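Q: Let's go through this one piece by piece. Please set the ground rules before we start.

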Amino acid sequence: MKKIQTMYDRVQQVRLDQPIQFMLICKLLQTEPMKILHDFMVNSSGDSWRRSDDDEQRSKAVEYFIQCGYGQHYYSEQDIRRMFEELHAIGSLWPETDEESVIDMHAKWREKYYQYWFNKWNGKIRRKM
C-alpha cells in the first residue's frame, strides 16, 4: 500500500514532465535537471542546507517567484516577500555548538517554527470570493 504524503514529509515523490528544451540545455551543460530544480527550491525557500553568505542567488530566486505572480491572487506581493524573509530567518538559525543533543533539540524547534509560520500565514490567506 502506498503511503500518503503530508506537507510535513521531508522527502516528497514528484513526477515531473520536463520540457525538451530544458532537458537539452541540461544535457549540454552536463547538469542534472533535478539539481537545478533542487537548487532553486533551496534558494527560494531560505533553507539552511548549503547556505552561503552570498544572498544574490536567494534574492534572484525570490524575485523570479514574485515576477511569475505565484500566489498573488491570495496574498499581496509585500506579504509574499515577508513570507520569504521569515523563511530565510528560520533557515539562518543554527546552534553555535556541534553537540549532538543541542542540534537534535534545534531540529525539533525548527519544525515547530515552520508549523507556526505556516499556520500564521494560512490564517491570513485572502481567499477568492
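A: Contact, touching included, means heavy atoms within 4.5 Å. This is a predicted model, so to speak of local features takes pLDDT of at least 70 and side-chain atom pairs count only at pLDDT 80 or more, while totals for chains, interfaces and linings use all residues. Residues are numbered from 1 along each chain as its sequence is written, and side-chain values use heavy atoms, with hydrogens and water left out.

Q: How many helices and strands does the secondary structure of the chain come to?
A: Helices (H or I, at least four residues) and strands (E, at least two) are DSSP runs numbered from the N terminus. Starting at that end, the elements run α-α-α-α-α. The count is five helices and zero strands.

Q: What percentage of the residues in the chain is buried?
A: Buried is under 20% relative accessible area, exposed is over 50%, and partly exposed is in between (1.4 Å probe, protein chains only). The chain has 129 residues, and the buried share of them is 20%.

Q: Among contacts between residues at least 6 apart in sequence, what share joins residues at least 24 apart?
A: Take the contacts in the chain whose partners sit at least 6 apart in sequence. The share joining residues at least 24 apart is 48%.

Q: At what angle do helix 2 and helix 3 pack?
A: Axes are lines fitted to C-alpha atoms, for helices over the stretch in contact, and angles run from 0 to 180 degrees between N-to-C directions. For this pair the axes are 7 Å apart. Helix 2 and helix 3 are roughly perpendicular (65 to 115 degrees; under 35 is roughly parallel, over 145 roughly antiparallel, the rest oblique). The packing angle is about 95°.

Q: How do the residues of the contact of helix 2 with helix 3 divide?
A: Helix 2 puts in F40, N43 and S44, and helix 3 puts in Q57, R58, A61, V62, Y64 and F65. Ala, Val, Leu, Ile, Met, Phe, Trp, Tyr, Cys and Pro count as nonpolar, Asp, Glu, Lys and Arg as charged, and the others, Gly among them, as polar. That gives five nonpolar, three polar and one charged.

Q: Which residues does S44 touch, not counting those up to four places away in sequence?
A: S44 is in helix 2 and is buried, at a relative accessible area of 7%. Its side chain also reaches the backbone oxygen of M41 at 3.4 Å. Beyond four places in sequence, S44 touches A61, V62 and F84.

Q: Which helices do the buried residues of helix 2 pack against?
A: Helix 2 covers residues 33-45, and its buried residues are P33, D39, V42 and S44. They pack against helix 1 (20-29), helix 3 (56-67) and helix 4.

Q: What is the length of the polar contact that joins the side chains of R58 and H88?
A: R58 lies in helix 3, and, leaving aside neighbours within four places in sequence, R58 is in contact with N43, G46 and H88. A polar contact is a pair of N or O atoms within 3.5 Å; within protein, one must be able to donate a hydrogen and the other to accept it, and residues adjacent in sequence count only if both atoms are side-chain atoms. The R58 to H88 contact comes in at 3.2 Å.

Q: At roughly what angle do the axes of helix 4 and helix 5 cross?
A: Helix 4 (residues 77-92) and helix 5 (residues 100-123) have axes that come within 10 Å. The pair counts as roughly antiparallel. The crossing angle is roughly 170°.

Q: Which residues of helix 5 make the contact with helix 4?
A: The contact divides into seven nonpolar, one polar and five charged residues. Helix 4 brings D79, R82, M83, E86, L87, I90 and G91. From helix 5 come R110, Y113, Y114, W117, K120 and W121.

Q: What positive phi does Q30 have?
A: Most residues other than glycine have a negative phi. Q30 sits in the loop between helix 1 and helix 2 and counts as exposed at 74% relative accessibility. Q30 is not a glycine, but its phi is positive, at about 50°.

Terms used: Expected span 1.5 Å × (residues − 1).
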